[in-house]
Every structure is written in structure tokens, then in C-alpha cells.
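Subject: Structure handover

Hello,

Here is the structure I promised you. Please open it and keep it beside this email while you read.

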Amino acid sequence: MLKKLSVFVLLSVLALVLTTTSAQEPIELQFWHAMGGDLGEVVDELVARFNESQDEIVVTAVFQGSYDDTYNALLAALETDSMPNVTQNFDLATQTMLDFPGLLPANTQFGDDFDPSVFVPAVRDYYSDENGMVAMAFNSSTPILYYNAEIVAEAGVDLPDNDSLSFSELLEACDTIMANTDTQYCITFGQVGWYFEQILANSGGLYFNNDNGRTARASEVMFNQGLGVEVFTFLTDLMANGYAPNLGNTWTDTDATFLAGEAAMIFDSTAGARGFQEAAEFEVDTTYIPHADSAERNGVVIGGAALYLLDSGDEATNQAAWEFMRFMSQEPQQITWHTGTGYFPVRSSLQDNEELQTFWADNPNFLTAIQQLADTNTTLDDGAPNYAVLGGRAGPFPAIRQLIVTAYSRVLDDGLTPQEALDEAAAAANQELADYNAFFE
Amino acid sequence: MESSSQDLHSPWYGRRKLLKMLEGYAYLTPTLVVLSIFVFIPIISSFQLSLTRVAPFGNAVRYVGLENYERLLVRLINVEAAQTYLPYLLVALVLSVIAIIGYSILKHQPFGQYRSRLQYLIIFVVLVYIIAIVQGALRVSLIFTLGTTIPGITISVFLAIALSMPLRRFSWFHRLLIFVPIVISSAVTGVLFRWIYHPVVGYINYVLSLLGIDGPNWLSDADWAIVAIMLAVLWRQLGFNVIIALAGLQSISSTFYEAAKVDGANLWHQIRHITLPLLSPTLFFLFVINTINSLQVFGEIDVLTQGGPGETTRTLLYDIYFLAFRGTPQRGIASAESFVLFILIVILSVVQFRIANSRVHYQ
């Protein structure tokens, strides 16, 4: 009797303890991100919304600086065993994140109630491996061609609404603009690696071998062959022949040039749509980025960043972190994110969303990016994946992108031909790939 | 065994000596512990790191021996040019020796009297050779260091001489103007100069345009970017240099000048034959400090150009940072490069001290 009673008491105490702890102590999560300024404020708003939506999980958002800073903080955290639960990392770091020892692929947490097919295919596939999505696309952007509608109209040029010009069509438009208006430059863009990658993809060219590093680890770059040379020649010629000012490796000086009306067009990220709209004293219009003469338009690779789940060693915590990531990708949050920043919504269904339809009617430039991505041919005519627009994947991709930045300077400052500069970059890039792959031999 | 403490063979003596030694080390221990944790152990572990390749995704490390150093050699030194110019270097060295010997015979003086001149000639010839063969970040660092130290010290000496003249009623104001940059950090200097150099709203090009000059695009022109950073660093270091030079000037006794005036020396002669020689310990100190500071400039580069355009402003230090913390982290080769920088600073200091021994006049 006494024994039975004691067991009963013990059990009830245990039950009490269990229920109170689950009710009183929410799971605390750390979320590291690289969104500063206005973007960071939207992130904080979304995190606060998540914390208010339920009382079991509390997420603390920590701004860690640039993507590089965030990643270096993560490396340090790995060594000291103090990793966050969710971290943001940018597109090019996908392979490195896949190889990161603390990563828990998102697809391991998918329950029966989660359907990855709700995402825009290009976004979903970019962050997927053979088992499905490894990361949750968060802030996705693509490059578009912005143009000063007043200058273009004055020149009598008619740029297509939603289509991609070939290189020679763009040059023709440039000649007309520069002949018929007193605009100093036709176009401006920074010497960053991104536009080369994107225009190469739009022309159907591969950046890496092994299907852009998506069917096996990339061991060689392909950008110094055929299409790559055509694209790089086009980009460097724009600067060498006076169509574009040589402003170096910049994201901001080009904006100033465009906003001052000194250049009629600019390649820039869709994330800049709001900024241009607010800062420009003229009407800004947008269209797709161009493609090589020798190729059809293929589409663009998504850029931006994604959220990665890091293994805390505790199943409940991991599940909570996944809940947070899932929350961030849901419709209301994606609408706030898109309208607040210009990064596009990653769910296909949002293209029919009424709230966004109204928003896009007032802000048509936000729609161009979404349509450019929707118009992307992620499968080829024969049904095979179009690896060019799925985007390259390689461990040292960030370092390799930097080699393209140097290649611009080698052509424009040191007088190398585009082929020579790309060959030089390719030799260094292949060394980077070999060094990286050696860790897996 | 009984013996006096004077007995060197006594074990007591040995023990006392040991105790004395231990006592000394006990006093040193706190400092040694702090230095070990923050200096010696990191130096050793970064040397270990320089012999490895560290995976950018975290904890995998591969031992690669001297491979990082071999790669740096190819990155930093144009091996082809080094081989091509080597015969010229040897010929130039032999010619220097012959020239100095010839000069000593011509002057009927013993050769030993011209040893320091020979030393200079050799340092000059070797420096020219080094400038001809270095490339990449090492070249940028060398140009940057020469381009900030020499003009910086020259300007500050003349400013200090001007400031030390008891003429101006507003001299405190002028001193203030020159000293103000001392309290400004390198990052703030960078931000200030970003505005000054801005292609559209910058002051420099505005002032130049008033003079009818079409200013360059300071930060994105491959030739001007390094000059732009040199000017910013020069400005920031000027205050320190002038203070030190001023202190040096004030320690020169006025009797020398009075004597010179009596002998009819003009201002330039006074500067040339009194001020500069007696200022030489100060100049030497400034030269060493400025060289080391220039090799370690980071803030201005990071804020103004981040090593660009291309790699035209990527100094050794910035290259180390870039390899270790930007894009794909490569800690191994970055550690190796930091050792190269360390050795470079050691060599430069040794060379500078050698010059100092023969040339600097201490009062």
C-alpha cells in the first residue's frame, strides 16, 4: 500500500515538474544574420512577430555584420561549441555550408505537413541537394536592368517590357541613346563577379564542370571557354569603348552615376528597386538582363541568402529552430519582407496574392524580377535540368568570384585580352578547387 | 662539509645561485605568463598553422609542409625577373665596390674611410633590385611604405621647423591644425577621405575644377587609388611626426645657432649643417616607426578601397586579412603571409639600425 502510494506520489510530482517546465521555460534560439540598416529592422520585426505568435520558443536575432563576418563568427563558434541555431549565409557559400560539420540539412526536419513544392522552383532547386532543400531561401534577389525612362524615351529607343536583349541589340540601343541625347554613358555597372555569372547563366553557359558542380564536386571552371569569353568581352568592351564608366569594384558609385542621370541604364540587384524608386528624380523602368548573341535567353540564377539550421544536439531545439525557419517562409512574413525590402517572395502562390497584386500595380519594378525568375527555364527542352540557371556550386566560389573582379582590372588597367584574363583567373580558380577537393580525397 | 660561502665548490653556493636565479624568474613570471598567452603561444601556433591548409568549412586541417610559403614566393616575387636581373645585380655590386675603391685612390685616402658610402651604395643597389622583382601585395606594400614615410617625414620636419620659429602670433592655432589628426582613428580618417575623394560631391575634385583641372576618379582609378590612400595616411600620421620632430628640435641647444650666425651662416646652412645632423636620432626614430606603421595600415584601405581596384591597393597586411577572413577563408596561407610580413619588418629594422650606426649623430 505504502509502496503504491509512493509510486503514485512520485509519478504525480514528475508530471507536475514536466508540465511546469514545458509551460514556463520556452526554448531559446539564437538567429545570426547579416542584414544591417533598414533590412535589419524588417528582420527584427519578423522575429518579434514570431515570438509573439507562440510562447514555446523565443528567438533572439543577432546582427553579425557582413556575410563574411557572420560566417567567420560561425567558424569561431564551431570551435568553441557556441553555435547559433539558425544562421544566414549567402548564395555562394552553399557548398561550404553543405560541408560544414555543424549543419543539419533542413530536409531532415520536414514533417508530413511540409510541402517544399510551394517554393519557386528556381529558389528551391538552388538550395537543394539530392535529398531536397538543405536551407530555407530567405532573401532572394536577381539582377535586372534598370533604365532612366526619360532618357530612353528622348532617344526614341523602345526597350522591351519583359524580355532580354541580345548583346548587339543592347549595343544598338546604346548607340542610339548616346547619339540622340547628351547622356554621357549608356550604362553603368560595378566590376563585381555577379553580373558576369548572371549574364553567363542567362546565355546558358556553365561556370563549373560537372553540371555546374551539381552532379559531382566541381573540379574545373568553364568560364574561360566559349560563352564565358563572349560575355566577358561584352562587359569589358562596354567600359573600354566608353559605353560605361570604369568605376571599379563598387555597388554604390554606379548608383550615384545612374541617379545623377549620367548613365541611361544600370545593372543592379532587385534588392535596390525601392532605393532607386525613392531616390531617382526621373521615372525608373526595368527589364531583363541581356544575353549573348550566340545563345537564347535562359534566365537568371537566384542570388541573396538562405537560412541554415545548425545542429544543437537536442532534437526538441532543432525542431524549434525549424519551426522558426518555416515561419519566416510563410506568406504573411514573405509579403512583409518583399514589400519592405525588394527581395522577392519565395513562394509561388504569392504571385496571385491580392495584397501583392495591388502593391505591384503601384510598384511595377518589383514585379520585373519575379517575372524574370518565373520566365527562367529551369529545365531544358529534353527535360534535363538546366544547370546553367540553377547556378554554380563549389566550395571556394567566393574566392573564385573575386578572381573575376581582378580579371576586369587585368583587362581594363593592364591591357590583357578578355581571353587571357579569364585564362589567368581560371588557372587560379582551378587551384582553389583542387585545394578544396583535396579535403575529400 | 663545512665551508664558507666564498667556496665556489660548495653545494651551498650552487644552491644559493639556483635560488637567486629562481627568484629572478619568479619576478619575471607574471610578465612571462601574460606575454606567453598573448604573444609567444599565438606566434608558435600561427607558425604551425602556416604549415597547414585549413578547410574553409571548419575543422579539417591538412599538413602541407612549406607549400604555403612556396605559393607565397610565386605570388610575391616575380621569379623570372629575379633570375633575369640577378646578373645585373651582381655586376652592379662589383661595380660599386670598384667605384668606391677607385674614388678612395683618387682622393688618396684609405679605403676604410669610405666604408659607409659603400654600404649605402650596396643598400641602394639591392633596393632597386628588390623593387624590380617584387609583385603583388609585396610590391604594393613597398611602394606604399616608401610613398608615405619619406614624404611624410620630410614634410613634418619642415613643418616642425616652421612651427618652432617664434614669429607667429597664431602659432598655437597652426599647431592645433596639424596635431588634430592624432586623435582621429584610421577608420574615421577613411570615412573623411571617402567624402573628400567622392567622384561627384568630393572636395578635392571640386577645388581642382576651380583651377580648371579635371581630377582623377581617386578611388577607382588603378593608378590613383594608392596615392589617395597614401595621402590619407600621411595626413593622419603628420601630427605624431611633427610632435616628435618638434621635440627633437627643441632639444637642440640654441648656442649652435648663435655660433653659426656669428660665422655668417644663413637659414638654409643652419638647417643643413646644424638642425638635420642633430635631429638625426629623431629622424631615425621616425623612420623606423613610420615604416612599421605604414606596413600595418589597415583602416584607410578597408574603408576606402578594400584593396581595389583590382589588387592595386592590397598591401601585405590587407592581403593577410583578405585571405583569412573574406570570401573563402584560407587561414593556412594567411598565417604564412603574416610570417613573411614579420620577417620583412625584422629585416627592415636591422637594415635601418645598421644605417643608424654609421650615420646617426647622438649628442
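Below is what I found, part by part.

**Ground rules**

This is a predicted model: local features need pLDDT of at least 70, side-chain atom pairs count only at pLDDT 80 or more, and totals for chains, interfaces and linings use all residues. Residues are numbered from 1 along each chain as its sequence is written, chains are lettered from A and ligands numbered from 1 in the order in which they are written, and side-chain values use heavy atoms, with hydrogens and water left out.

**Two domains in chain A**

Start with chain A. It is divided into domain 1 (27-141 + 303-362) and domain 2 (143-299 + 393-440). Such bounds come from an automatic or database domain assignment. The C-alpha centres of the two domains lie 28 Å apart. Domain 1 puts 22 residues into the contact and domain 2 puts in 16. Contact means heavy atoms within 4.5 Å.

The two domains of chain A bury about 1400 Å² between them, and carbon and sulfur atoms give 46% of that. Buried area is the accessible area (1.4 Å probe) that two parts lose on being put together, summed over both. On the domain 1 side, A:Leu92, A:Gln95 and A:Ser141 supply 40% of the buried area, more than any other three residues.

There are 7 residue pairs in polar contact between these domains (both at pLDDT 80 or more). A polar contact is a pair of N or O atoms within 3.5 Å; within protein, one must be able to donate a hydrogen and the other to accept it, and residues adjacent in sequence count only if both atoms are side-chain atoms. Helix α4(A) gives the most to the domain 1 side, with 5 residues. Helices (H or I, at least four residues) and strands (E, at least two) are DSSP runs, numbered from the N terminus.

How many salt bridges cross this domain interface? The rule finds 1. A salt bridge is a side-chain nitrogen of Lys or Arg within 4 Å of a carboxyl oxygen of Asp or Glu. A:Arg217 pairs with A:Asp99, with the closest N and O atoms 2.9 Å apart. A:Arg217 sits in the loop between α9 (209-213) and α10 (227-240), A:Asp99 sits in helix α4, and 118 residues separate them. A:Asp99 is buried because its relative accessible area is 14%. A:Arg217 is partly exposed, at 29%. The cut-offs are under 20% relative accessible area for buried, over 50% for exposed, and partly exposed in between (1.4 Å probe, protein chains only).

**The core**

The largest nonpolar core has 134 residues. A nonpolar core is a set of buried Ala, Val, Leu, Ile, Met, Phe, Trp, Tyr and Cys residues joined through side-chain atoms within 4.5 Å. Which members touch the most others? They are A:Phe196, A:Phe223 and A:Met265. Not counting residues up to four places away in sequence, A:Met265 touches several residues, including A:Leu145, A:Ile177 and A:Phe258.

**Where the chains meet**

Now bring in chain B. Its contact with chain A takes 28 residues of chain B and 32 residues of chain A. The chains bury about 2500 Å² between them, 54% of it on carbon and sulfur atoms. In chain B, B:Phe57, B:Arg62 and B:Thr328 lose the most area to chain A, together 23% of what that side buries.

The rule finds 4 salt bridges across this interface. B:Arg326 and A:Asp68 meet in a salt bridge at 3.8 Å, N to O. Helix α13(B) gives the largest share of the chain B side, 3 residues.

**Salt bridges within chain B**

Over all chains, the count is 18 salt bridges. B:Asp319 and B:Arg75 form one at 2.9 Å, N to O. B:Asp319 lies in helix α13 and B:Arg75 in helix α2 (residues 67-76), so the pair ties together parts 244 residues apart in sequence. B:Asp319 is buried, at 2%, while B:Arg75 is partly exposed, at 33%. B:Asp319 also forms a salt bridge with B:Arg314, again with N and O atoms 2.9 Å apart. B:Arg314 is buried, with a relative accessible area of 6%.

Best wishes
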